[in-house]
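Let's walk through this structure together, from single residues out to the whole fold and the ligand. Keep the view open as you read.

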Amino acid sequence: KEEHRLSYESKLKCAQHSVSKKLLEIALAKKSNLIASADVTTTQELLDLAEKTGPHIIALKTHIDIISDFDYEKTILPLKELALKHQFLLMEDRKFADIGNTQELQFTSGVFKITDWADFVTSQVIGGFESLDCFRNVGVVAIVGMSSKGTLTTNSYREEALKIALSHPNVIGAVSQHKVPEDILLFTPGVNLADSGDGKGQQYNTPQHVFKTLHTDFIIVGRGIYKAEDAEKAALTYKNEGWNAYLQSLEK
Ligand code: 5FU
């Protein structure tokens with residue numbers, strides 16, 4: 001018999017980290033488990049997407065280093081305002097993958113100064129437990145398994161990665177295409193309603209699939225939203241699909 005999944009309410013009750021709490025509170029308030037991935041390359045496109053999708057999402061995921069006209073004042077300050085206005089968090093998908101000291105520099109320095117604005121960041125755990133110590137003021141989503149064809153995140157890798165993720169106090173969740181224990185939040189990218197892949201290794205599943213089989217908490221959608229003719233409408237579609245799939249996964 002299929003086991004039940006935990007509801008956002010019950011996860012909120014036992015959440016330890018302030019960022020996990022915020023994410024779950026926003027999810028319940030907006031009835032959304034959608035994270036829009038803003039893989040666009042100009043400040044204008046980034047801000048437009050944040051304005052259009054803002055009311056429907058719990059977080060906006062950035063790859064801030066692909067913004068060609070990045071400028072802290074012109075890119076980050078208005079982005080932070082939109083996050084406040086529409087009540088979503090900022091998730092920088094930097095996927096740190098180095099020794100602690102270098103990650104600390106990449107996190108705090110350079111032009112992006114991620115530490116100053118991101119609510120949470122992604123990090124590989126390949127550098128070991130202590131490499132995550134530097135992300136003290138944010139939440140970390142550990143990359144446990146990737147969505148791409150031929151990824152090296154095998155069963156045994158994922159098992160070891162999860163041990164680090166579950167034991168590190170800065171970690172709030174995991175990115176994976178497999179189930180994880182219920183005391184960690186699961187973030188699942190590789191979600192698209194129209195395509196099964198992108199011809200560059202990405203593999204897609206539907207919201208229905210990931211909630212039912214993985215008991216995911218949050219879906220991450222990039223091209224399904226920002227490439228759509230009407231990004232706001234697409235965000236609303238994914239929001240509703242995701243929320244209905246979540247409710248159904250509670251019943252099983
Ligand atoms: F960790 C991962 C992963 O395993 N797969 C991903 O696709 C992260 N991603 C990110 O989610 C990726 O870097 C993109 O930013 C986003 C997916 O975008 P898509 O356009 O929906 O394929």
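In which loop is Lys31 found? Lys31 sits in the loop between α2 and β1 (34-38), where helices (H or I, at least four residues) and strands (E, at least two) are DSSP runs numbered from the N terminus. Before going further, please note that this is a predicted model, in which local features need pLDDT of at least 70, side-chain atom pairs count only at pLDDT 80 or more, and totals for chains, interfaces and linings use all residues. Residues are numbered from 1 along each chain as its sequence is written.

Back to Lys31: this residue has a positive phi of about 50 degrees although it is not a glycine. Lys31 counts as partly exposed because it has 15 C-beta neighbours inside 10 Å. The scale behind that word calls a residue buried if 20 or more other C-beta atoms lie within 10 Å of its own, exposed if 12 or fewer, and partly exposed in between, with C-beta atoms placed from the backbone.

Now step back to helix α2 (residues 18-30), which holds Leu28. Leu28 touches Tyr8 and Glu9, leaving aside residues up to four places away in sequence; contact here means that the two C-beta atoms, placed from the backbone, lie within 7 Å. Follow the space around Leu28 to Trp243: the two are 215 residues apart in sequence, and their C-alpha atoms are 10.0 Å apart. His168 and Tyr72 are 96 residues apart in sequence and 30 Å apart in space, C-alpha to C-alpha. His168 touches Phe129 and Leu132, again not counting residues up to four places away in sequence.

What about the inside? Helix α7 (residues 207-214) has Pro207, Val210 and Phe211 as its buried residues. Seen down the axis of α7, these buried residues fall within an arc of 95 degrees (taken from the directions from the helix axis to the C-beta atoms), so they line one face of the helix. An α-helix has 3.6 residues a turn, so residues three or four places apart point the same way. The cover over the buried residues of α7 includes β7 (185-188), β8 and α9 (231-251). Just after α7, His215 takes a positive phi of about 50 degrees.

Strand β8 leads us on to the ligand. β8 (218-221) and α8 (223-226) each supply at least two residues of the shell around the ligand. In total, 17 residues surround the ligand, and the closest are Met146, Ser147, Pro189, Gly222 and Arg223; a residue is near a molecule if its C-beta atom, placed from the backbone, lies within 6 Å of it.

Finally, the whole chain: it has nine helices and eight strands. Of its 252 residues, 44% count as buried. Along its principal axes, the C-alpha trace spans about 55 × 45 × 40 Å. As for confidence, the mean pLDDT (the predictor's confidence in each residue, from 0 to 100) is 97, and 98% of the residues reach 70 or more. The model scores ipTM 0.99 and pTM 0.98.
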